[in-house]
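Please read these notes beside the model.

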Amino acid sequence: MKLVFPKQMKEIDRRTIEEFGIPSLLLMENAATALEHEIIPFSPHKVLLLCGSGNNGGDAYAAGRKLLARGIEVSALRIGMPSTREARFNYKLFKNFGGKVYGFKALTEKIKCFIKKHDLVLDGLFGVGFKGMLSAEIIDLIEYLNALSIFKIAVDIPSGINGINGTVNPVAFKADTTVTFGAAKPGHYFFPGHSFTGLLKIAKIGFPEKLFETSNIELVDDKLAKAFLPERIPWGHKGTFGKVCIVGGSSKYTGAALLAALGSIRIGAGMVYTFTPKETQRVVRNSLPEVISIASKSAILTSEDLETLHALIDDIDTLVVGTGIGRADETVEFVKKLLSSEKVKSLKAVIIDADALYAVSKVPEIIMGRENFLLTPHPGEFSRLTRKAVEEIVNNIDAVKSFAREMETRLILKGAVSIIANESGNIWLNNTGNTGLAKAGSGDLLSGTIAGLVAQGLSPLEALIFGSYFMGKAAELAQEYEATLSASMIADNYGKVFEYLKTL
Ligand SMILES: NC(=O)C1=CN([C@@H]2O[C@H](COP(=O)(O)OP(=O)(O)OC[C@H]3O[C@@H](n4cnc5c(N)ncnc54)[C@H](O)[C@@H]3O)[C@@H](O)[C@H]2O)[C@H](O)CC1
Ligand SMILES: [K+]
């Protein structure tokens, strides 16, 4: 499903009006009809509109007038006078139909009593035109409303959410339902904005659908995911489903390579190798007899291991590098040499994760333009790669896009909503998953899962998109309470995701 930034939505709005001749008042009327249809099933007796000065307020006045026409009692709290032609027009019609408008300056006891008389609130304070912060008076109003159990519907986006990145500063209208127009905005999905959006409904109000094709942001939904489901040829053998090698582990992180290997096995790879220090090899052998485990020469991975690894690369399709390898100078050197070698070019994909990303941050140019490389950083690792503060890059689509473009690479910035970008600057957001994934080990499981998908024939980019969706869905479908989930339990639920996708 395509998403659009607020700025892109305004451009689609403008083009619909100027190139297709749809009057802006007609769009607003359609928006109001969508809101009316959302409100009517609640059979409200007294509706309160919150109206800002822009067209978001205009939509609310227009919806209010339609409710008045049906005999429902509607009043409006006005924050500023309507400032656009469309909002003024609908403000006037609202009053013509008998709607009462009260100016709001500050939250007094009188206003609190007035608000409590209503059984539904429609938030038309700010829409895609919102910038910066809410004023102290509006924060008071919103906080008061959020604490009341009146049913709340937001027009387009709950007031206070930044539509670009979901930031809420410091609060937003907590909607039960949000009716957005044309397409959803990233701010509806990124946290904390997502927690204020409630049930999101997308109303098609007359924008030509082809205008949304200009957007290069897509939410990974079930339909998209299903298209990537790898085929299981009935007569396939282990070579058909591909061979993965996990290069990871150290005496400190003995489980990381194991969990990555588990991801590859459970997603369906035909054969999985691990290349790890001895201590890790012991852990892998004890827990996963399915894995072919090879030990490094010393207690950490060093350049002395390159020869053995290069020989192994002839036998495999996909490599994961970095899970739990540590940051010793010799290991950093090993990663640099491995990634710069000609040998890895023959692989379908090289998934660069965890401490291998630390090594890459020392010499980012080694990944530039390498077509089979995939990066799987969390915000801390991405911050090191970009030399930007974590706060600057979290939920920042543009930062991920710029990095992918500049480095001619593809990556996933992991988070509650993960951002995936490719070298052309196309973006996918994945919001499957829950807090069961917010634990050490899930990153390892993800990199192994992605590798197992490439081994089965998905392109590196498809594997990034599908792997991230898949692991999140497994956490969602797990019967256990989120907090009790672990990476290996999530892998145990992979079968449920395959079943789920088959039923779609
Ligand atoms: N073509 C149409 O008529 C349609 C419009 N739709 C709705 O319109 C809004 C977007 O309207 P716009 O006028 O551009 O912006 P807003 O109403 O969101 O708000 C702008 C208004 O608010 C002021 N403002 C912005 N930030 C702040 C702040 N932090 N504090 C105080 N004031 C702020 C700004 O100066 C303006 O005065 C869209 O969301 C739809 O609801 C429909 O799509 C139908 C078609
Ligand atoms: K709003």
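1. Ligand 1 takes up the space of the second largest pocket. A pocket here is an open set of points on a 1 Å grid over the protein atoms alone, where a 1.4 Å probe fits, with protein on both sides within 12 Å along at least five of seven lines; lining residues have an atom within 4 Å of a point. A molecule sits in a pocket if more than half of its atoms lie within 2 Å of its grid points.

2. The model is predicted: local features need pLDDT of at least 70 and side-chain atom pairs pLDDT 80 or more, while totals for chains, interfaces and linings use all residues. Residues are numbered from 1 along each chain as written, chains are lettered from A and ligands numbered from 1 in written order, and side-chain values use heavy atoms, without hydrogens and water.

3. Around ligand 1 there are 23 residues (a heavy atom within 4 Å). K10, D59, G127, K131 and D156 come nearest. Among the helices (DSSP runs of H or I, at least four residues), α2 gives the largest share of this shell, four residues.

4. Which backbone lies 2.6 Å from a nitrogen atom of ligand 1? A backbone N or O atom of K131 does. An oxygen atom of the ligand is 2.8 Å from a polar backbone atom of N55.

5. Four of the lining residues come from α18, the largest share.

How values were computed
Polar contact = N/O pair within 3.5 Å; in protein donor to acceptor, adjacent residues only side chain to side chain. Helix = DSSP H or I, 4+ residues; strand = E, 2+ residues; numbered from the N terminus.
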